[in-house]
Protein chains: 2
Amino acid sequence: MEKLSFVKNGVLRLPPGFRFHPTDEELVVQYLRRKVLACPLPASIIPEVDVCKADPWDLPGDLEQERYFFSTREAKYPNTNRSNRATISGYWKATGIDKQIVTSRSNQAVGMKKTLVFYRGKAPNGCRTDWIMHEYRVVSTETAACNAPPNKKNQTQVNCHITLLLSLCLYVLVKAKSLILY
Amino acid sequence: MEKLSFVKNGVLRLPPGFRFHPTDEELVVQYLRRKVLACPLPASIIPEVDVCKADPWDLPGDLEQERYFFSTREAKYPNTNRSNRATISGYWKATGIDKQIVTSRSNQAVGMKKTLVFYRGKAPNGCRTDWIMHEYRVVSTETAACNAPPNKKNQTQVNCHITLLLSLCLYVLVKAKSLILY
């Protein structure tokens, strides 16, 4: 897929009302899975940021908008799947049940979505805040089709760093505003 | 403003994840107010449809997406402000309090937003459905700045049809899915 030039110097050149507002499926299939497989992305819209290096209000971007980041999940202890999501002023804590992301056409599972809530203070006695983050991860790269032309270098990268890459997640940061009924 | 060619033959040519997802302010200032003033629109994305000529499920567009229409509000009786929102199988009924739309920069009131719910059957005994429509109207065209070059024809049109044009509304049709908490 050709990389389009809608984004220049970090500024979107779209008519009013048009913006990046992807579905879960688009985030996983078009952005996260491509990133994991080192395939070209359709647009350079999602920066790589260590989401736990800063508190949510200090992460880059417009606080009034949804913000998207690629970030590597860091294991809390070696040989475990638990993640270390502590920041400077608090910690991210998972809430609810992970949601499976499936493709709308073939109902194929492509990713998982976990919702995290930010707590100020030290676990487990932190104070819940309005900061919410959705964490997307790919479930398998074996069946992932990449439209990029065959490229030995890319393929080698994938093989060598598969474990590291699978810990790469896509995060959507939002500040909860109010109860929305529809 | 130059008309951009992101939409061709009704198909958006944007990278995955980019779509028309305007704010209330953008809808009123960039689309509805310009339409009322016969100014060029930034994109030809909103069709003119009589939203009460058909039931919501028969209106054009993707049922899974938000749909946008320009439509003229029809008075129920002469010399009243009440609107006739009856369709073939039911009617649209206002719910809640109208919301004032203000500009984010100067906090200037530019429009009003009314939420309508679709009921099947005859009023007042219809059965409430999951179909929701937001109706936007401009509050004043006197202070409306239009970037279009001066054009006598346009100006005459505005003057002659001001009453008719102010009854022009912008509608956003959605099918409520579930309770969203953030």
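This is a predicted model: local features need pLDDT of at least 70, side-chain atom pairs count only at pLDDT 80 or more; totals for chains, interfaces and linings use all residues.
Strands, like helices, are DSSP runs numbered from the N terminus (E, at least two residues, for strands; H or I, at least four, for helices). Residues are numbered from 1 along each chain as its sequence is written, and chains are lettered from A in the order in which they are written. Local features need pLDDT of at least 70, side-chain atom pairs count only at pLDDT 80 or more, totals for chains, interfaces and linings use all residues, and side-chain values use heavy atoms, leaving out hydrogens and water.

On one hand, E7(B) runs antiparallel to strand E6 (residues 109-120) of chain B, joined by nine bridges; two strands count as paired if DSSP finds at least two bridges between them. Here B:Leu116 stands opposite B:Met133. Six residues separate E6(B) and E7(B) in a hairpin, and B:Gly121 in the turn has a positive phi of about 100 degrees. E7(B) also pairs with strand E8 (residues 168-175) of chain B, in the antiparallel sense over six bridges, and B:His134 has B:Val172 in E8(B) as its bridge partner.

These pairings belong to an open, antiparallel sheet of five strands in chain B, in the order E4-E8-E7-E6-E5. Strands E4 (67-72) and E5 (90-102) of chain B each have a single partner strand, so one side of each is left without a neighbour in the sheet. From one strand to the next, the twist averages 25 degrees. Helix H1 of chain B (residues 24-36) packs on this sheet, touching E4, E5, E6, E7 and E8 of chain B, and its direction makes about 65 degrees with that of E7(B). Such angles run from 0 to 180 degrees between N-to-C directions, with axes fitted to C-alpha atoms, for helices over the stretch in contact.

Beyond its neighbours within four places in sequence, B:Leu170 is in contact (heavy atoms within 4.5 Å) with residues including B:Leu27, B:Tyr31, B:Phe69 and B:His134.

Chain A, too, has an open sheet of five strands with antiparallel pairing, ordered E4-E8-E7-E6-E5. Its edge strands are E4 (67-72) and E5 (90-102) of chain A, each pairing on one side only. Ten bridges link E5(A) to strand E6 (residues 109-120) of chain A in the antiparallel sense, and A:Thr95 has A:Thr115 in E6(A) as its bridge partner.
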